Amino acid sequence: MSELRLNPATGEWVIIAADRGGRPHDFAHPGRSRRKLPPLVEGCPFCPGNEGMTPNALLELPSESSGRWQVRAFPNKYPALGPGSASGATSEGPLFAAVTGEGAHEVLVETPLHNRFPADRDDGEMALLVQAYQQRYLALQSHRSTKYVLIFKNHGEGAGTSIEHPHSQIIAAPVVPEKEQRRCQIACEHYDRTGRCLYCDIVNEELRLASRVVYHDNQFVVFHPFAAGRPAETWIVPRDHAPSFGHVDEQGLRAFASVLLQTLRQLRTAFGDPDFNYAIHTAPKDEEDRPYYHWHLQLIPRMTKAAGLELGSGMYVNVAAPEDTAEAMRQARP
Ligand SMILES: [Zn+2]
Ligand SMILES: [Zn+2]
């Protein structure tokens with residue numbers, strides 16, 4: 001029997017149709033070919049020695065052991081948004097709104113090794129990556145035209161990546177994307193109504209009910225949300241209320257890196273290295289100092305494909321109950 005669940009953070013309905021997919025492991029992809037890749041690939045623009053194939057670095061964080069770059073950020077050669085000479089409205093008539101595509105689109109190479117995927121790394125490597133995320137986030141946030149910064153990662157072809165060398169991306173947009181605006185608005189309404197943060201409330205409820213919690217300690221809670229849109233959708237939420245990822249201190253970043261690493265390892269063990277996307281949701285620039293938003297990471301494994309129902313209605317069909325996938329991830333804890 002399927003169930004319609006309302007996502008309290010987005011206002012979207014999701015159909016949980018667990019009997020369509022069978023058990024959580026039935027849609028896993030064991031033994032991916034990326035396990036057999038070499039550490040260095042001659043023509044790869046992200047491998048060391050090929051830095052000339054990419055624009056100049058905006059940030060290089062060195063590895064403690066080798067002294068060479070461990071994480072490297074530079075402008076995307078094929079940006080979705082790029083620097084423009086002028087920013088402003090270019091609307092056509094009263095109905096068709098547009099602004100110039102001013103903004104930034106950066107690539108963050110996560111490791112010099114072509115085949116060192118996130119779940120293979122150690123805490124130190126992950127901490128450096130998360131530190132780089134925040135440094136580029138703050139740099140882009142300071143641009144005058146920036147309204148919203150999104151840090152995200154596409155892992156694997158099924159998640160939309162075109163270069164296999166592990167990398168993340170950061171976009172600075174001159175507008176707040178509709179979905180993010182909606183999240184903020186819902187959080188704001190909850191705050192006005194109750195005087196409390198929606199995300200703090202969600203976390204407390206998930207901890208109380210426990211069935212969808214994958215892991216928790218005194219700094220982070222990892223869980224599969226009540227209205228997860230896809231199998232094993234995972235949220236990593238800090239327990240301390242903080243609207244912006246830009247304000248997390250050094251110790252908080254290290255703890256975040258370690259819980260992210262652990263979660264990605266659990267995902268790989270439980271579901272056989274699926275492709276995935278993750279994104280860090282954080283308050284838009286103009287709302288960073290308001291009390292109602294609460295930054296978090298949303299991880300979406302790509303084990304099933306969206307079809308007509310999703311595209312037409314915006315309503316996701318999730319063939320695995322989050323209670324079951326959370327249990328599979330808990331069991332995969334080293
Ligand atoms: Zn490479
Ligand atoms: Zn909160």
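1. Leaving aside neighbours within four places in sequence, A9 is in contact (heavy atoms within 4.5 Å) with R183, I186, L198, Y199, I202 and W235. A9 has a relative accessible area of 0% and is buried (under 20% relative accessible area, 1.4 Å probe, protein chains only). The residue sits in the loop between β1 (3-6) and β2 (13-16), strands being DSSP runs of E of at least two residues and helices runs of H or I of at least four, numbered from the N terminus.

2. This is a predicted model, in which local features need pLDDT of at least 70 and side-chain atom pairs count only at pLDDT 80 or more, while totals for chains, interfaces and linings use all residues. Residues are numbered from 1 along each chain as its sequence is written, and side-chain values use heavy atoms, without hydrogens and water.

3. Helices α1 (residues 123-141) and α4 (residues 250-271) pack with their axes 8 Å apart, at an angle of about 120°; axes are lines fitted to C-alpha atoms over the stretch in contact, and angles run from 0 to 180 degrees between N-to-C directions. On the α1 side the contact is made by D123, M126, A127, V130, Q131 and Q134. On the α4 side, the residues include L253, R254 and F256.

Definitions and conventions:
Chains lettered and ligands numbered in written order. Buried < 20%, exposed > 50% of the residue type's maximum accessible area, 1.4 Å probe, protein only.
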